[in-house]
Each structure stands twice: as structure tokens, then as C-alpha cells.
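Student: I am new to this structure and would like to go through it slowly with you. Could we look at it together first?

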Amino acid sequence: MKSLEITGNIGCINQCTFCPQSLLIREYSKRSNKYEMNLEDFKIYLSKVPKDVQIDFSGMSEIFQNKNAIEMIRYADEEGYSLVFYTTLATLSKDRLLEIEDILFKSQIILHLPDNDGYTKINIDDRYLETLNALVFLKFGSSLPIVSNTYTTVHEKIIESGIRMEILNPISLVNNDFLISRGNNLDNVKQVIKKEGNIICQNGGPNHNVLLPNGDVLLCCMSYNYTTEIIGNFLENNYEEISSKAKTMINRPNSICRFCEKSTMI
Ligand code: SF4
Ligand code: SF4
């Protein structure tokens with residue numbers, strides 16, 4: 001299924017060790033000073049997106065960091081899109097979570113939890129624990145479509161808080177093998193040797209694109225090297241133009257795909 005990932009902010013509050021945030025900030029700053037997507041722009045961008053494209057609230061930052069996130073989510077739902085959330089819950093209050101309870105039940109939620117080994121930098125304060133507990137409460141005995149994961153093991157502060165994590169039953173991503181280089185945009189993980197010849201994407205590319213606050217659309221969620229990966233801008237291009245451009249990107253001589261764990265030589 002085609003999808004569009006919504007990046008609500010440039011500069012994710014979480015700054016995880018396996019995410020090239022500083023590279024994105026540096027590259028984006030060359031093009032725009034609009035670091036947060038506003039609701040009006042979001043509506044313009046979405047007007048270009050066909051209804052069979054799934055809207056993923058994820059992208060290159062924690063979506064709930066955006067102060068308009070709830071309103072954007074409600075608008076996308078009212079417009080009839082299928083929604084998926086990839087979230088850490090960082091910055092989200094319990095009250096704001098419950099404002100979209102009805103939408104959560106008809107979407108998919110992938111929850112990333114803080115770990116004991118410092119891979120994620122999610123701030124585990126009272127607000128975070130209250131929101132997480134509210135989500136667990138929603139899941140308890142219900143059909144809430146949520147899967148959760150963490151690197152290594154769930155952070156001890158969560159376990160000590162008494163929140164019933166067995167209800168979420170998080171998957172442990174147990175070691176470094178799960179860390180990818182994001183097209184060799186990270187140098188603290190194993191690098192990918194360039195793949196020559198014809199390659200294809202095994203990760204849904206080129207139909208999983210990423211929208212940024214200024215309307216730029218990137219090839220995919222590996223495109224932290226940004227300026228070489230722009231496939232269009234929703235202020236200037238329609239979806240078909242952007243989609244066509246994406247198809248030409250994978251087999252460029254030095255495309256990011258040639259250095260990506262998700263590509264295969266054919
Ligand atoms: S929460 Fe996601 S987008 Fe934010 S720093 Fe971590 S991996 Fe990157
Ligand atoms: S091969 Fe990698 S970089 Fe290329 S589209 Fe697929 S996931 Fe993105």
C-alpha cells in the first residue's frame with residue numbers, strides 16, 4: 001500500500017542514538033526555516049494526496065511533538081484516510097491522547113518504548129508514565145490495534161512504576177543487528193557496501209515517501225541526506241508528479257538505495 005509519512009517537526013525531541021537527526025537539521029536549514037508543520041499547510045499538502053494513500057504519523061520526528069498534531073490527526077481521519085501511528089508518546093499528555101481515542105481504535109499504533117541501554121532518549125517523567133498508563137488501560141481487554149517494541153529491555157523506571165507492561169507485551173529488539181545505517185547516513189553502525197547494477201527496494205519503496213514541514217517530499221525514511229533525495233514539493237507538484245519522480249530514484253548511479261540494507265540486487 002502506498003503511504004506518506006508526516007514529519008511534524010525538524011529536530012526530534014528524542015535524539016535516539018540510531019537516528020541521523022543532526023544531518024537532517026543541517027540539510028533542512030539550507031532550504032527552509034519552517035521547522036514545525038502548521039495545520040493550514042498540512043491541509044494544503046493533504047489536498048494533493050489520493051485517499052488510497054495511507055497516512056503514517058511518524059516520519060523523521062516524534063509526531064506528538066507538533067503542537068497541532070491532534071488537529072492534524074483529526075482532520076486526516078475526517079478526510080477518510082487510513083492512519084498509522086509510530087510514536088514514543090514523548091510530549092503527549094494523557095488528556096490529548098484521550099482526545100483521539102476513537103481514532104486510535106480504527107488505526108494501527110506502533111509504540112517505541114524506552115530501553116535500559118540508552119538507545120532511545122525518551123524522557124520518562126510523570127507525564128510520560130501517566131500517558132503510557134492511559135494507553136495500557138485503553139488496551140486492557142480491548143481490540144486496540146497496538147504493537148510495541150523496545151531495544152534490549154524495557155526501561156526499569158517503567159517496570160518500577162507498576163504499569164502493567166504484560167498487557168502490551170513489547171517485543172525486544174535484542175541487539176545491534178537491528179540497527180540499520182539508514183543508507184550509510186549513520187557512522188555508528190555497520191556500513192553497507194555499495195550494490196551495483198539493477199536493484200529493487202524490499203521496503204515498499206518508492207511508494208513510502210516522507211513529507212516535511214515546508215512541503216518537500218523525500219524518497220523514504222532513510223533520506224536524511226535530504227537535498228539529494230527530494231522528489232517534489234506539495235506546494236508545487238501533485239501526487240502523480242511526485243510518485244513518478246520517486247520511481248526514477250532507486251537506480252541512480254549513487255542513490256541512497258545502493259547503500260541501504262533494504263535494497264536487493266536483481
Ligand atoms: S523517536 Fe524516531 S525520529 Fe525521533 S530520534 Fe528517535 S528514531 Fe529518530
Ligand atoms: S532501498 Fe532503502 S533508501 Fe531506497 S527506497 Fe527502499 S528503503 Fe528507501
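**A helix, a hairpin and a loop**

Tutor: Among what covers the buried residues of helix α2 are α3 (69-78) and β8 (208-211). This is a predicted model, in which local features need pLDDT of at least 70 and side-chain atom pairs count only at pLDDT 80 or more, while totals for chains, interfaces and linings use all residues. Residues are numbered from 1 along each chain as its sequence is written, and chains are lettered from A and ligands numbered from 1 in the order in which they are written.

Student: Which residues of helix α2 (residues 39-46) are buried, and where on the helix do they lie?

Tutor: Helices here are DSSP runs of H or I with at least four residues, and strands are runs of E with at least two, numbered from the N terminus. A residue is buried if 20 or more other C-beta atoms, placed from the backbone, lie within 10 Å of its own, exposed if 12 or fewer, and partly exposed in between. By that rule the buried residues of α2 are Phe42, Tyr45 and Leu46.

Student: Which residue of β9 is the bridge partner of Leu211?

Tutor: Two strands pair if DSSP finds at least two bridges between them, and β8 is joined to strand β9 (residues 216-218) by two bridges, the strands running antiparallel. The two form a hairpin with four residues between them, where Gly215 in the turn has a positive phi of about 95°. Within β9, the partner of Leu211 is Val217.

Student: Which residue stands opposite Leu211 in β8?

Tutor: Strand β1 (residues 3-6) pairs with β8 in the parallel sense over four bridges. In β8, His208 and Val210 point one way and Asn209 and Leu211 the other way, and all are buried. Opposite Leu211 stands Ile6.

Student: Why does Ile163 count as buried?

Tutor: Ile163 lies in the loop between α7 (156-161) and β6 (171-173). Leaving aside neighbours within four places in sequence, Ile163 is in contact (C-beta atoms, placed from the backbone, within 7 Å) with Leu129, Leu132, Asn133, Val136 and Ile158. Ile163 counts as buried because its C-beta neighbours inside 10 Å number 20.

Student: What separates the C-alpha atoms of Ile163 and Asn133?

Tutor: Along the chain, Ile163 and Asn133 are 30 residues apart. The separation of their C-alpha atoms is 6.0 Å.

Conventions
Contact = placed C-beta atoms within 7 Å.
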